[in-house]
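Q: I have a model open and would like to go through how its chains meet. Could you take me through it?

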Amino acid sequence: MKHFSVQGRSRFWWTMSSLFILILVMLFVSLNTGVVQIAPNDVIRTLVGLGDERQELVLFDFRLPRMVLALLVGAGFGISGAILQGVTKNELADPGILGINTGAGLAVVVYIFFFQSSMASISGLGVYILPLFALIGAFTAAILVYFLAWKKGVNPVRLILVGIGVNAGFSAALIVFQIKMNPQDFTKALVWLSGDIWGSSWSFVLALLPWIVALIIYSLYKSPVINILNLGEQMAVGLGARVERERRFLLLLAVAIAGLCVAAAGGIAFLGLVAPHIARRIVGPKHQQLLPVTALLGALILLVADTIGKNIIAPAEIPVGIVVTIVSTPYFIYLLMKTN
Amino acid sequence: MTLSELEKSHIEGLTSRFFRAAIIFICGVAALIVSIGLSVTLGVTDIKLATVWQAVFVFDPELTNHQVIRELRLPRAIGAALIGSFLAVSGAVMQGLTRNPLASPSIMGVSHGAAFALIIALIFFPAVTNLGMTFASFAGAGIAVILVFAVGSFSKGGLTPVKLALAGVAVGGMLSSLSSAFSLHFQVAKQMSFWYAGDLSGTNWLSVQLLLGAGVVGLLLALIISRAVTILSLGEEVSKGLGQNTLVVKTLGVIVVLVLTGAAVSVAGTVGFVGLVIPHIVRFLVGTDYRLIIPVSAVLGGLLLVIADIGARLVNAPYETPVGAITACIGVPFFLYLARGERSGL
């Protein structure tokens with residue numbers, strides 16, 4: 001038994017450090033590539049302050065903030081999915097299932113629909129207004145799901161079912177609005193809904209970073225509680241956990257993280273589902289280990305996807321959410337086939 | 001309560017549920033016939049019921065109204081009924097097989113496979129015929145199902161319900177992402193999205209014939225395996241313990257889903273919601289016996305889509321609203337009401 005846990009722990013640290021190194025490598029690769037190619041030694045020169053003005057502009061003002069956002073959002077979606085799967089005990093749960101992405105998407109589409117002209121030239125305050133709408137939409141959806149599922153407490157199955165219902169309702173409304181749009185705005189909305197890191201400026205990063213980081217750290221701190229909830233209702237009550245309160249709290253946490261991520265990067269659908277699964281198959285179901293691995297994994301996947309998305313048909317871009325799915329599915333399927 | 005009393009009350013419960021299902025079924029069929037009648041009379045130009053009668057039984061090719069009824073509205077109403085029932089039955093069979101409340105044609109990747117094939121066909125072969133579209137749709141659905149099934153069965157630990165569902169989500173997600181990428185790149189996203197939300201306007205007699213062909217195979221097979229699905233929905237162990245060959249049941253179930261969903265998508269695109277939610281609603285109404293769930297799902301699914309199609313044509317006339325949006329408007333409140341109830345098991 002002891003041998004087992006030691007093995008588990010070393011595996012955990014081994015996984016964490018390899019993910020960390022992979023992320024660093026990807027960061028470097030991603031800094032090199034883009035519409036403007038910058039050679040590796042120029043990147044290094046610029047990073048230590050020896051580059052020319054143009055290189056500094058591209059690296060510091062365009063690429064770095066975008067990459068930081070990708071890392072944050074990837075970690076956030078992963079953690080949010082892991083918490084939701086843990087709390088609802090459903091392997092298919094992810095922020096999308098509870099209507100969070102759709103709620104945010106609907107709010108954004110409604111905004112674009114009523115202020116069509118401002119979408120074409122989004123700047124200044126607009127950069128913050130769109131995410132704000134997304135955030136409001138995400139929370140509206142989550143609160144709606146929670147209240148509709150409330151009946152002397154919230155049971156996980158009912159929560160998922162109600163989530164499906166609310167999600168279906170929101171998608172319907174979304175379709176109606178989308179179809180009434182003019183083709184240009186429609187494409188923009190679609191790109192947003194498929195997931196797209198677009199607000200790549202430092203001020204935007206600063207507006208989101210503290211919140212996402214704080215919430216992620218807090219969920220890591222909370223991770224033992226998820227293990228206890230997973231033991232089953234009666235066991236958890238027996239161990240002294242205030243089940244309903246803890247569950248509500250964790251759900252709120254997951255929603256908050258997902259809401260912020262959607263605000264920054266739109267409805268990236270697959271990441272919240274896939275990252276926790278991959279992590280679980282590498283380090284097992286203990287949430288103290290599962291959550292950090294999920295976070296790094298989510299960050300890595302999104303960074304890779306973003307690098308591919310901005311290069312493969314450059315100068316045009318593929319929405320990162322689409323790339324996430326295409327990139328992560330094969331590995332997900334491989335793991336699905338390999339493990340019991 | 002003694003054992004025999006328990007048994008008696010169990011049997012009484014079963015018969016009362018059977019009667020309840022029978023009543024719902026009969027009322028459903030009656031409502032379906034009425035709604036098809038309504039669907040034929042209502043539209044941009046309202047047509048009297050007497051004219052409908054004449055158009056069907058004493059057809060006069062000189063009259064426009066007769067032609068509208070015969071060539072447009074009647075096939076469309078019948079097509080809607082068939083597609084609704086196909087999707088509902090597909091969803092029911094899937095939820096039974098995977099024991100997952102989220103299973104539905106779209107979760108399992110079937111709709112996405114069909115839709116992906118159609119998008120590829122439309123982008124690269126713009127002159128594709130109706131029949132060609134149908135074959136593309138079947139091929140796409142088939143490839144998705146084969147992929148999902150292969151991932152499930154080649155994996156260690158075999159074809160567990162969770163694996164099947166996860167593989168479905170993965171394959172479906174992949175295919176729908178590819179569809180989005182293609183439609184964004186070739187700038188056909190807007191046309192696609194209307195069609196992604198369900199579009200019954202292209203339904204003609206050829207599609208109805210096609211649907212009928214698929215329906216005979218798919219619905220009959222669904223009824224034949226309904227008892228086995230009930231047992232399987234109790235769990236793999238129970239099913240094997242009772243001497244059931246679970247692989248055969250699952251394969252037949254997947255064939256049902258493939259045939260029914262493939263046909264439905266080829267005619268109307270991916271109408272969401274019906275396949276996911278109708279089986280839940282039916283389960284709330286008649287319990288967990290799939291011998292009852294499947295026929296009742298067929299009727300209620302058909303009814304929902306016919307009514308939704310009337311709505312789709314009238315809400316914003318003369319423009320059409322995507323029928324998937326209307327099904328959600330009708331079904332979501334009812335679904336939420338039921339989901340809050342006590343019996344939410346599979």
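Q: How many residue pairs are in polar contact across the interface of chain A and chain B?
A: In this predicted model, the rule finds one such pair across the interface of chain A and chain B, with both residues at pLDDT 80 or more.

Q: And how many salt bridges between chain A and chain B?
A: The count between the two chains is zero.

Q: Which helices of chain A supply the side that touches chain B?
A: At least two residues each come from α6 (126-149), α7 (156-180), α8 (183-194), α12 (271-283) and α14 (320-338) of chain A. The largest share is that of α7(A), with 16 residues.

Q: What is the make-up of that side by class?
A: The side of chain A that touches chain B has 33 nonpolar, eleven polar and six charged residues.

Q: How many residues are in contact, then?
A: Chain A has 50 residues in contact with 45 residues of chain B.

Q: What about the area buried between chain A and chain B?
A: That area is about 3,800 Å², and carbon and sulfur atoms give 78% of it. On the chain A side, L92(A), L161(A) and M337(A) supply 17% of the area that chain A buries against chain B, more than any other three residues.

Q: Changing topic: what is the mean pLDDT of chain A?
A: The mean is 81, and 89% of the residues of chain A reach 70 or more.

Methods:
Residues are numbered from 1 along each chain as its sequence is written. Chains are lettered from A and ligands numbered from 1 in the order in which they are written. This is a predicted model: local features need pLDDT of at least 70, side-chain atom pairs count only at pLDDT 80 or more; totals for chains, interfaces and linings use all residues. Side-chain values use heavy atoms; hydrogens and water are left out. Contact means heavy atoms within 4.5 Å. Buried area is the accessible area (1.4 Å probe) that two parts lose on being put together, summed over both. A salt bridge is a side-chain nitrogen of Lys or Arg within 4 Å of a carboxyl oxygen of Asp or Glu. A polar contact is a pair of N or O atoms within 3.5 Å; within protein, one must be able to donate a hydrogen and the other to accept it, and residues adjacent in sequence count only if both atoms are side-chain atoms. Helices (H or I, at least four residues) and strands (E, at least two) are DSSP runs, numbered from the N terminus. Ala, Val, Leu, Ile, Met, Phe, Trp, Tyr, Cys and Pro count as nonpolar, Asp, Glu, Lys and Arg as charged, and the others, Gly among them, as polar. pLDDT is the predictor's confidence in each residue, from 0 to 100.
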